[in-house]
Amino acid sequence: MKNNRRWWALVAVALGTFMTYLDNNVVNVALPSIQRDLGLSIAGLEWITSAYILVFAGLLLAGGRVADVLGTRFAFLSGLVIFTGASVVAGLADGQALLIGARAVQGVGAALLAPASLALLQELFPDPKERAAAIGVWGGVGALALAVGPFTGGVLSEHVSWGWIFLINLPIGVATLALTLLSVPRRTLRGRSAGVLRRLDPAGLATSSTGLFALTYALIEGDAEGWTSPLILGSFGVAAAAAVLFVILQNRNADSMVDLAFFRSRMFTGGLLAMGLWAFGVFGIYFYMAIYLQNVLGFTPTEAGAAFIPMAIITAAGAVLAPRLELRYGVARVTAFGLAVMAAAIGGIAQYGEGTTYGDLLPWFLLYGVGGGLLIPLNTVVVDALPPQRAGIASGMLNVSREVFGLLGVTVLGAILTNRANAAGGTELHRYLEGYRFSLVIAAVLVAVGVPVSLWMLRRRPASAAAPKVLETV
């Protein structure tokens, strides 16, 4: 019975993760419908997406620390309740301010829920083989959410109402809450003591959150405001200053939220870098491929969302199979191969422009899905590289890597696309395609950089499996 409860807990964690991943991209295709119904300004429309990403990314390290100090079950349940409640408010919102505010609160919930979900799997599945399988299933569900999001948003906004892209989280959230309460055991919370506030490391929380808020804001608004504008340069400056202060404070705190010695572990640092390059490719390619499918090939929003589903299914299948491949060939080889396949697929997609059919793109989409799925074991690598009591912050840093590199994928590729298009001649469509295809080539090169990085930094240590966990330095 106890064993069955663990697998039901996996279902709960996977559902919670599915909601937050879904919300990352479900909104984009519904924005025109929201704008028509609420009469929003362009700035207000942009902040419906940005408010969620800004708060989510800004509070991820804080969410990881809460999980480590107050317990992963507490953090997961708190995040779930906040996220679900805010989703209902967003779905029923009748004005710009309420909708944007609800999206920001959703980000708070997601920042608690996301780090706790991966840390919970480490607690629930102490056996490495079972944990690898559980994280494979969890990663596969997350991969499905990346593609199901645009499709769901397109169908609901076209045929039902845009409010349901948020209200759909209510039944999922209630089911997840019930499963979590029934299947995840209560544990003694390490933070229930007189020193709980000190253990949360308020100075570390403040500086890390300020730095991530400022960095995320600059990446989101840089293109609109101008990368050399005082506002964006100031935001980057605040992010840099907060990062320096954070490092100084962490060195002085015996119970710091982030022990800087973590980064001497090449498995931990290499895992973060490889996951970041994965996110750079996935977020950037999804974003600009969706625009290409609609503006160049004439797909409807629903059709564009559906176009990514085969890729997501292959990614999910690869995520489930990847742990077995890792056991046989090692995480370094599997990760390097996955990134190489992704780079090759991006390069293949870059061949196509006007007059392309979906059948031309589908083989490359499927190949891309294969590569993406093979990187799921990185979640295990990063979390297992640190002591169990630091699983929350490890998961938080993994999510920060994913979100920041994902935003870089959108902003950097967008800047490259724009500059290349402006330098090209011909019709507007020709100039756009010139920039679009060139940006994909650059993306392929950057993702391919992860191949040697993975082969070097993720190679296994020679110690026996029975040896106690130590940080393996570069």
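User: What makes Val244, Leu245 and Ile248 a nonpolar surface patch?

Analyst: Patch members need over 30% relative accessible area and no salt bridge; nonpolar side chains (Val, Leu, Ile, Met, Phe, Trp, Tyr) are joined within 5 Å, like charges within 9 Å. Val244, Leu245 and Ile248 together make a patch of about 250 Å². Areas come from the Shrake-Rupley method with a 1.4 Å probe; for residues, only the protein chains shown count as cover. This is a predicted model: local features need pLDDT of at least 70, side-chain atom pairs count only at pLDDT 80 or more, and totals for chains, interfaces and linings use all residues. Residues are numbered from 1 along each chain as its sequence is written, and side-chain values use heavy atoms, leaving out hydrogens and water.

User: Why is Ile248 called partly exposed?

Analyst: Buried means under 20% relative accessible area, exposed means over 50%, and partly exposed lies in between (1.4 Å probe, protein chains only). Ile248 has 38% relative accessibility, so it counts as partly exposed. Ile248 lies in helix H12 (residues 230–252). Helices (H or I, at least four residues) and strands (E, at least two) are DSSP runs, numbered from the N terminus.

User: How many helices and strands does the chain have?

Analyst: The count is 21 helices and zero strands. Of its 474 residues, 57% count as buried.

User: Where is Val184, and what does it contact?

Analyst: Val184 is in the loop between helix H9 (169–183) and helix H10 (196–199). Leaving aside neighbours within four places in sequence, Val184 contacts Arg5, Ala9, Arg73, Leu120 and Leu179. The relative accessible area of Val184 is 4%, so it is buried.

User: Which residues touch the most other members of the largest nonpolar core?

Analyst: A nonpolar core is a set of buried Ala, Val, Leu, Ile, Met, Phe, Trp, Tyr and Cys residues joined through side-chain atoms within 4.5 Å. This core has 132 residues, and Ile34, Met289, Leu293 and Tyr436 touch the most other members. Helix H13 (residues 266–295) gives the largest share, 16 residues.

User: How do you know where this core lies relative to domain 1 and domain 2?

Analyst: Domain 1 (1–183) and domain 2 (259–459) both give residues to the core, so it lies between them. Those bounds come from an automatic or database domain assignment.

User: What makes Glu434 and Arg420 a salt bridge?

Analyst: The term needs a side-chain nitrogen of Lys or Arg within 4 Å of a carboxyl oxygen of Asp or Glu. Glu434 and Arg420 meet at 3.4 Å, N to O, so the pair qualifies. It links distant parts of the chain: Glu434 is in helix H20 (residues 428–448) and Arg420 in helix H19 (residues 391–423), 14 residues apart. A search of the whole structure finds one salt bridge.

User: Are its two ends, Glu434 and Arg420, buried or partly exposed?

Analyst: Glu434 has a relative accessible area of 29%, so it is partly exposed. Arg420, at 35%, also counts as partly exposed.

Key. Contact means heavy atoms within 4.5 Å.
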